[in-house]
Amino acid sequence: MRLAGKSALITGASRGIGRAIAVELAAEGADVALVGRDVEALEATAAAVRETRADARVLTITADVADPAAVDAFVARTIAEHGRIDIAVANAGQAVDGLIVRSKPADIDRMLDVNLKSAFYLLSAVSRPMMKQRGGAIVLVSSIVGIAGNAGQAAYSAAKAGLLGLAKSVAKELGSRNVRVNAVAPGLIETAMTESMPAQARAHYLETIPLGRAGTPEDVSGVVAFLCSDAARYVTGQTVVVDGGFLM
């Protein structure tokens, strides 16, 4: 297994892409710390991990990733219980749609807090231990709307675009300590977040995806597992688009 003996921390691990990432990393040999706000959903992810690999060490942590003190606390707890953090995946995300002329300050703040600032807090917390151990892999889960934008998602798109610059900047800061930072930008993925997409918008996406289908969480988790493994040891500061060719 490519990640045997590694310890991975995943935010937004309650369901969807986060759950798939947790299961994938565990299947590759990593012990996992799962962070989210829904206790029952986190336990369901933990059960899926154990079903995949019975001997996996699994830690579930209920926390708000937009609270910097909470982030510091769950990073410290993961290190205390798993001994170290080799992998950190910033997957927590939330979308509140609306045209810019109707945007509300509270919604803008929440989009930036959950989708962007939480990744700042996570990188800040894991950077020091990873630098000290002279190694680590960090993956930020962005979106194709962070590259191309999307009408009605100005705040969400801006936050996801910010992750791409964050990955590049921190990759340059930490590269000399063998800590790699990359991003993935999923397209239309079958998750609870995309279930509410209007039928017309969904049909438009599907018509313009060369592979002819929406993606699955596992389509994303496989790429994340690659970026976290030694197979990607010379890859840093990059954004891997996982969209079936939509942006091509």
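1. Ground rules. This is a predicted model, where local features need pLDDT of at least 70 and side-chain atom pairs count only at pLDDT 80 or more, while totals for chains, interfaces and linings use all residues. Numbering starts from 1 along each chain as its sequence is written, and side-chain values use heavy atoms, with hydrogens and water left out.

2. Overall make-up. The protein has 9 helices and 7 strands; these are DSSP runs numbered from the N terminus, with helices being H or I of at least four residues and strands being E of at least two. Its C-alpha trace spans about 50 × 35 × 35 Å along the principal axes. The radius of gyration is 17 Å, which agrees with the value near 18 Å that a compact globule of 248 residues would have. That radius is taken over C-alpha atoms, and the globule rule is 2.2 Å times the number of residues to the power 0.38.

3. Of the 248 residues, 48% are buried (buried is under 20% relative accessible area, exposed is over 50%, partly exposed is in between, with a 1.4 Å probe and protein chains only). Taking the contacts with a separation of 6 or more, 72% are between residues 24 or more positions apart. Contact here means heavy atoms within 4.5 Å.

4. Helix 1 against helix 2. The axes of helix 1 (residues 16–27) and helix 2 (residues 39–52) come within 9 Å and cross at roughly 30°, which makes the two helices roughly parallel. For reference, axes are lines fitted to C-alpha atoms, for helices over the stretch in contact, and angles run from 0 to 180 degrees between N-to-C directions. Angles under 35 degrees count as roughly parallel, over 145 as roughly antiparallel, 65 to 115 as roughly perpendicular and the rest as oblique.

5. Helix 1 supplies Arg19, Ala22, Val23, Ala26 and Ala27, and helix 2 supplies Ala41, Ala44, Thr45, Ala48, Val49 and Thr52. By class, that is 8 nonpolar, 2 polar and 1 charged residues. The classes are: Ala, Val, Leu, Ile, Met, Phe, Trp, Tyr, Cys and Pro nonpolar; Asp, Glu, Lys and Arg charged; the others, Gly among them, polar.

6. Helix 3 against helix 4. Helix 3 (residues 68–82) and helix 4 (residues 105–132) have axes that come within 9 Å and cross at roughly 35°, and this crossing is right-handed. On the helix 3 side sit Pro68, Val71, Asp72, Phe74, Val75 and Ile79, which meet Tyr121, Leu122, Ala125, Val126 and Pro129 of helix 4. The contact divides into 10 nonpolar residues, no polar ones and 1 charged.

7. Val89. This one is in strand 4 (residues 87–90) and counts as buried, at 0% relative accessibility. Beyond neighbours within four places in sequence, Val89 is in contact with Leu9, Ile10, Thr11, Ile21, Leu25, Leu122, Val139, Val141, Val224 and Cys228. Val141 is 52 residues away along the chain, yet its C-alpha is 7.4 Å from that of Val89.

8. Val145 and Gln153. Val145 lies in helix 5 (residues 145–148) and is buried, with a relative accessible area of 7%. Gln153, in the loop between helix 5 and helix 6, is buried as well at 13%. Leaving out residues up to four places away, Val145 touches Asn150, Gln153, Tyr156 and Ser157, while Gln153 touches Ala95, Asp97, Gly98 and Val145.

9. Ser229. Ser229 sits in the loop between helix 9 (217–228) and strand 7 (239–242), and at 1% relative accessibility Ser229 counts as buried. Its contacts, neighbours within four places aside, are Arg2, Leu3 and Arg180.

10. Backbone spots to look at. Arg134 has a positive phi, near 55°, in a residue other than glycine; Arg134 is in the loop between helix 4 and strand 5 (136–141). Asn178 also has a positive phi, near 65°. Asn178 lies in the loop between helix 6 (154–174) and strand 6 (179–186) and is partly exposed at 46% relative accessibility.

Definitions and conventions: Left-handed = near helix turned anticlockwise from the far one by under 90°.
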